[in-house]
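Please open the model in a viewer and keep the selection panel at hand. The stops below are arranged so that each selection leads on to the next.

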Amino acid sequence: MISVQDLWKSFGDNQVLTGINLDIAEGSTCVILGGSGSGKTVLMKHMIGLLKPDKGKVIVDGEDVVPMDERELERVRRKFGMVFQGAALFDSMTVYENVSFALREHTQLSEDEIRAKVREKLGIVGLQNLEERYPAELSGGMRKRVGLARAIVLDPKIVLYDEPTTGLDPITTDYVDDMILTAKRELQVTQVVISHDIASSFKVADKVAFLFKGKIVAEGPPQELRHNPHPQLQHFLQMWFGKS
């Protein structure tokens, strides 16, 4: 579904990406794991065409997004849903208004059709009967799930998660992990998760790609990656698992 090929990006003298190669299979969940400043968010922004690389290709569902103009990119971005780090809900809108927002902006559906679609997506994330609540009335985990319902309301092929467990307590983190697993099972979407949370990454990923200083230095299924000898990866993992 996504193929990143020899991707380079610098900002002035700061070389952020230095030859990224990554393939993400359709219907899989890939976690891009790395510390702060490793280039995770910059890589994600290239996937949806928010940044243009100095060199390389980003193939999304068979199309290279790098040479596309804004009109073409808008069409490709409709294939993506985005779950932001802090859920990024509109505080002054109810759950229903938040989730239905994209349907009003991008479709010609009737009010009955919009309501049916919102209820369907809220059902998938386990938030039935909360349509009239405001974000301030919800727990952190619930807000994340509303964010996912909003991201999937246009039936995207790909869902991106930007640090979905940052700042959450262990119980809420577990809810968010289950949300990501449920989305894969119920929707058969391709998922890309940007994270530095090792425990969460190993729970939700089909494949983990470890980013270090602008390169993917190791990748594979979680348990396989745990035993990869790359020194920077092992140092990163030891913070959670102890010495292998």
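This is a predicted model: local features need pLDDT of at least 70, side-chain atom pairs count only at pLDDT 80 or more; totals for chains, interfaces and linings use all residues.

**The nonpolar cores**

Begin by selecting V99, L122, L148 and Y161. Within the largest nonpolar core, which has 41 residues, these four touch the most other members. Keep L148 selected and display its surroundings: leaving aside residues up to four places away in sequence, L148 touches V83, V125, V159, Y161, M179 and A183. Next, select I2, L7, M47 and V76, which are among the 32 residues of a second, separate core.

**Helix α5**

Is α5 enclosed or open to the outside? Because 10 of its 13 residues are buried, α5 is largely enclosed by the rest of the structure. To see the buried positions, colour G141, K144, R145, V146, G147, L148, A149, R150, A151 and I152. The list of buried residues includes the charged side chains K144, R145 and R150. Now show what covers them: the covering elements include β6, α3, α4 (111–124), β7 (158–162) and α6 (170–187).

Stay on α5 and select R143, which lies in this helix. R143 is partly exposed, since its relative accessible area is 30%, a value between the 20% and 50% limits.

**The largest pocket**

Select R77, F80, G81, M82 and H106. Of the 19 residues that line the largest pocket, these are the closest to its centre. The space in this pocket amounts to about 590 Å³. By class, the pocket lining consists of 12 nonpolar, two polar and five charged residues.

**The cavity**

Move to H46, G49, L51, K52, P53, V58, V65 and V66, which line the largest cavity. About 30 Å³ of space lies inside, and the count of cavities of 30 Å³ or more comes to one. Five of the lining residues are nonpolar, two are polar and one is charged.

Most residues other than glycine have a negative phi. Two exceptions close the tour.

Select N129 in the loop between α4 and α5. Although N129 is not a glycine, its phi is positive, about 65°. Is N129 buried or exposed? With a relative accessibility of 74%, N129 counts as exposed, the cut-off being over 50%.

Finally, select E163 in the loop between β7 and α6. E163 also is not a glycine, and its phi is positive at about 45°. The relative accessibility of E163 is 10%, so this residue counts as buried, under the 20% limit.

Notes
Residues are numbered from 1 along each chain as its sequence is written. Side-chain values use heavy atoms; hydrogens and water are left out. A nonpolar core is a set of buried Ala, Val, Leu, Ile, Met, Phe, Trp, Tyr and Cys residues joined through side-chain atoms within 4.5 Å. Buried means under 20% relative accessible area, exposed over 50%, partly exposed in between (1.4 Å probe, protein chains only). Contact means heavy atoms within 4.5 Å. On a 1 Å grid over the protein atoms alone, a cavity is a set of points where a 1.4 Å probe fits but cannot get out, and a pocket is an open set with protein on both sides within 12 Å along at least five of seven lines; lining residues have an atom within 4 Å of a point. Grid points are joined across faces, edges and corners, and a volume is the space filled by probe spheres set on the points. Helices (H or I, at least four residues) and strands (E, at least two) are DSSP runs, numbered from the N terminus.
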